[in-house]
Amino acid sequence: LSQRLSQLRDLPGETADGTRIRLSANIEFPHETESCIERGADGIGLYRTEFLYLSSLDEPSEEDHYQAYSQVVREMKGRPVVLRTLDLGADKMGHRPLAEHEHNPFLGLRSIRLSLRNLDLFRPQLRAVLRAAAHGDIRVMFPLITTIAELRQARMLLNLVAEDLKEEGIEYRSDIPVGMMVEVPAAVVMLDKFVGEVDFLSIGTNDLAQYTLAVDRSNEYVADLYQSCDPAVLRLIARCVEVADQSNTPLAVCGEMSSKPSRALLLIGMGVRNLSVPPSTLPRVKKAIRSVTITQCQEIAARVMNLEAARDIDMYLQDRLEDLV
Ligand code: PEP
Ligand code: MG
């Protein structure tokens, strides 16, 4: 690792005038914790656990889950690890067909919907989460939550699993923070109702943009219409910040938007204080944050919220980044 990179690793994620920004990492595999530590990540903000399914031919057992999660939490040495439960379906299919052919898989049986209907899939994972939580700071997060009923079902299942572990005399911890991804517009609209039932929120801008703009994010024909800086998406993010602040609920952004320096500065200007990014992009984002003041970020956000087209927003952000960083 270059000397510059390791110097940056030991400096805090904060703006030039001292506003602390927590910078966590997104991972898919346990071995990635090494690059997270090397780059000074404050924790794991998104562990995409479905990759355990996508990378092996056999269905992972509870023990496989447990080994993977325990390894991650041990290697992160006390830093928080946000473990997202299975986000299978749509673009992330395992070897076993989990649903009959779907015409609109992104609107279909994916993510938490699929987990809640396949308890033989979901239960072993939840057991492993609570067992691994005995070894460190694990937080669990449910993806694609759309209704309060789904959130309650998932939480109830987590409680049931904890009771089973207790009866079986297996070591576990159940008082862990429970959060949800905010990546469906309905969840943003209803967010003031959700915050009473979760400990933290994390905005998934990849899916939030896809569902807000009605653009399949993996469809090349409409790729030009997929814009995470579309003003409609930004208004939804602004609403999340408002509800999170009012209710004192910790809020992070873990979609790809936060890993682009110019967009990270915009998010900070909008009031976001936790970003989670792929480990490789962490130094770049940290460097940008350390070279601007919070007032400059707020000025950027104020200007952007008055623009009407994603294209203009991106151009403006790029210009500001070149001036400031
Ligand atoms: C997102 O939707 O922004 C997100 C982080 O989840 P994924 O990209 O894994 O769907
Ligand atoms: Mg998503």
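Reader: Why is Asp207 called buried?

Author: Buried takes 20 or more other C-beta atoms within 10 Å of a residue's own, with the C-beta atoms placed from the backbone. Asp207 has 23 other C-beta atoms within 10 Å, so it counts as buried. Mind you, this is a predicted model, where local features need pLDDT of at least 70, side-chain atom pairs count only at pLDDT 80 or more, and totals for chains, interfaces and linings use all residues. Residues are numbered from 1 along each chain as its sequence is written, while chains are lettered from A and ligands numbered from 1 in the order in which they are written.

Reader: And what makes Glu183 buried?

Author: Glu183 has 26 other C-beta atoms within 10 Å, so it gets that label too.

Reader: Which residues is Glu183 in contact with, leaving aside its neighbours within four places in sequence?

Author: Contact means C-beta atoms, placed from the backbone, within 7 Å. For Glu183 that gives Leu144, Ile203, Gly204, Asp207 and Leu208.

Reader: How do you know that Glu183 and Asp207 gather at one spot?

Author: An unreviewed UniProt entry lists both under "binding site". They span 25 residues in sequence, yet no two of their C-alpha atoms are more than 5.3 Å apart, so they gather at one spot. Such annotations may be inferred rather than shown by experiment.

Reader: What puts a residue around ligand 1, and which ones are there?

Author: Its C-beta atom, placed from the backbone, has to lie within 6 Å of the molecule. The residues around ligand 1 are Leu46, Arg48, Asp87, Glu183, Gly204, Thr205, Asn206, Asp207, Cys254 and Gly255.

Technical notes: Buried ≥ 20, exposed ≤ 12 C-beta atoms within 10 Å, placed from the backbone. Contact = placed C-beta atoms within 7 Å.
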